[in-house]
Amino acid sequence: MDLQELYRQKLLSADQAAALIASDSDVAMGMAAAEPPALLEALARRAEAGTLEALRLWYFHSMEHAGRTVLRPDLLNRIRPHCMFMSRIERALIKADPGAVEFVPVAFSESPQLLARRGLDACVTMVSPMDQHGYFTFGTSNDYTAKAARSARQLIVEVNPAMPRVFGESPLHLSEVDAIVEHSSPLTEVEAPRIEPEDAAIARQIAAMIDDRACLQMGIGNLPSAVCQLLANRRDLGIHTELMTPALAALMECGAVSNRAKQTFPGRSVFTFALGDARFYDWLGDNQAVYSLPVDRVNDPRHVAKNDNVVSVNATLQVDLSGACNSEHMLGHQYSGAGGQLDFVRGANMSRGGQSIIACRSTAKEGTLSRIVPRLDGPVTTPRNDVRWIVTEWGAADLHGKTLSERAAALIAIAHPSFRDGLAKAL
C-alpha cells in the first residue's frame, strides 16, 4: 500500500469534507481540545446557507471553537446540540433560551456505548499527523471519540500539527478514515485555576490524607489543582485519571509520580482526555510516561479498582444531610453533568486501601447560601450509599458506616458556622 498516495486521495478541503455530511443525521464531535475548528466552521457555513438541516450533534465538554461555529445561537434551528456535559457555552445558550440544548444524562464511562447504540452517521475530530506507518493518534482526546470514530458510518479527521502524538490504545490507521482535512491552528488552552483561600484550606486537608504510593484521580477545577500543588514531597505516586492536567504533569516532572506501585500499566500515567496550555501539550507529545485509553476502560470502576490505594478527588455543588451529592444542577438549571464522578467514587471505594473524597466550599453566592443542605435542589449525582469523605474548608467528614443521624451531625460540623443552627433545626 502506498500510504502517501492513499492519504492524497482522501485529502479534501474543509468545505468538501463538510459536504459529505447529510441533513437529518447524527454526528459526534471531538471534545475539548480535539474540537476540529476548520470542519466546524465549514459545517456552520452550510447551516447558515441552509444546505444543512436537522443535524443532531453529540458531544461532551464544548469549548470556544464549537461556541463560535456549530453552537451559535442563530444556527440552533438547524444544528441541535445533544450535550452530555455542559460547559459555559451551553449555559449561555440556555440562559438566552431554556430549550436551546438537549441534555443527555449519562456517565462518561457509558458514553461510547450510548453513541454506538444511537447509530452515528458521522464523527468529526482532530488528530495528530500521520506517522510513516500510516497511523494518526487521537492526541488529547481518546475518551468516547476513539469508539465513536469506529462505530460511525463515516469518519472525517482534521489533521493538525499542533495536536500531540500521544501513546496509548486506539491508534487510528489511515485505512479507517474516510476523509482528511489539513488545518494548522493552536490548540484550545485553559488558564491555570485561581486558588482562593477556601480552596487552599480544603486542599491542605485532602493532601494530608494522601500518602506515598497512592494512585491519583483528580477531577476538573480549582480544588484538584490546589491539592496537586501540595503533593510534591510525596514519593512513588501513581496516576489513573479521567483528565490529565498541567497540575498532574507537574507532579510527574518533579519526581513525586513514578507509577511504580500501580497494578495496571506500571510506569505510566493513564488518562482519557487532556486539557491545559501550550507547554503542557508539548510535554504530552511522544511522552512514553503517559498512556491514553478510551473512557469506557479508564473510568470503569472495576478497572480503576485493580490499582491499590486509589484516591479519587472530585468537587460537588451540594451535599444533603444524608451525604447525597448534587454535582451538576444549580439554580434550577443543568450546570454541568455527571461526568465520571460516580465512576471514580465507586472505583476508589473498591480499591484496596482506596479513598473517595468529594469536596466543596461550605458556601456559595458570596456566602449567602450553604452548600450543605437539608435536601438537594437537583438530581443525585453520587448517591449517599457511595459517598465516603466530604471535605469543606471547615473540616473532613467520614460518612462510611454512619447512621443517618450521625451523618447529619458530621456534615453540620463541617458546614459554615452561620448555617449550622438552621441545618440542625431542619433535621
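User: Why is D386 called buried?

Analyst: D386 has a relative accessible area of 14%, and buried means under 20%, exposed over 50%, and partly exposed in between (1.4 Å probe, protein chains only). So D386 counts as buried. A word on the source: this is a predicted model, where local features need pLDDT of at least 70, side-chain atom pairs count only at pLDDT 80 or more, and totals for chains, interfaces and linings use all residues. Residues are numbered from 1 along each chain as its sequence is written, and side-chain values use heavy atoms, with hydrogens and water left out.

User: What makes the pair D386 and R346 a salt bridge?

Analyst: Happy to spell that out. A salt bridge is a side-chain nitrogen of Lys or Arg within 4 Å of a carboxyl oxygen of Asp or Glu. For D386 and R346 the N to O distance is 3.0 Å, so the pair meets the definition. D386 lies in the loop between β24 (372–373) and β25 (389–392), R346 in helix α14, and the pair therefore ties together parts that are 40 residues apart in sequence. Helices (H or I, at least four residues) and strands (E, at least two) are DSSP runs, numbered from the N terminus.

User: Which class does R346 fall into, buried, partly exposed or exposed?

Analyst: R346 is partly exposed, since its relative accessible area is 35%.

User: How do you know that D199 is buried?

Analyst: D199 has 2% relative accessibility, so it counts as buried. Its side chain forms a salt bridge with R361, with the closest N and O atoms 2.8 Å apart. This pair links distant parts of the chain: D199 in helix α8 (residues 197–207) and R361 in the loop between β21 (355–359) and β22 (363–364), 162 residues apart. R361, at 27% relative accessibility, counts as partly exposed.

User: Why is R352 called exposed?

Analyst: At 63% relative accessibility, R352 counts as exposed. R352 meets D308 in a salt bridge of 2.7 Å, N to O, while D308 is buried, with a relative accessible area of 17%.

User: What makes the contact between E328 and T381 a polar contact?

Analyst: A polar contact is a pair of N or O atoms within 3.5 Å; within protein, one must be able to donate a hydrogen and the other to accept it, and residues adjacent in sequence count only if both atoms are side-chain atoms. The side chains of E328 and T381 are joined at 2.7 Å, so the contact qualifies. E328 is buried yet has no salt bridge, and the nearest side chain of opposite charge, R91, is 11 Å away.

Technical notes. Lys, Arg positive; Asp, Glu negative; His and termini not counted.
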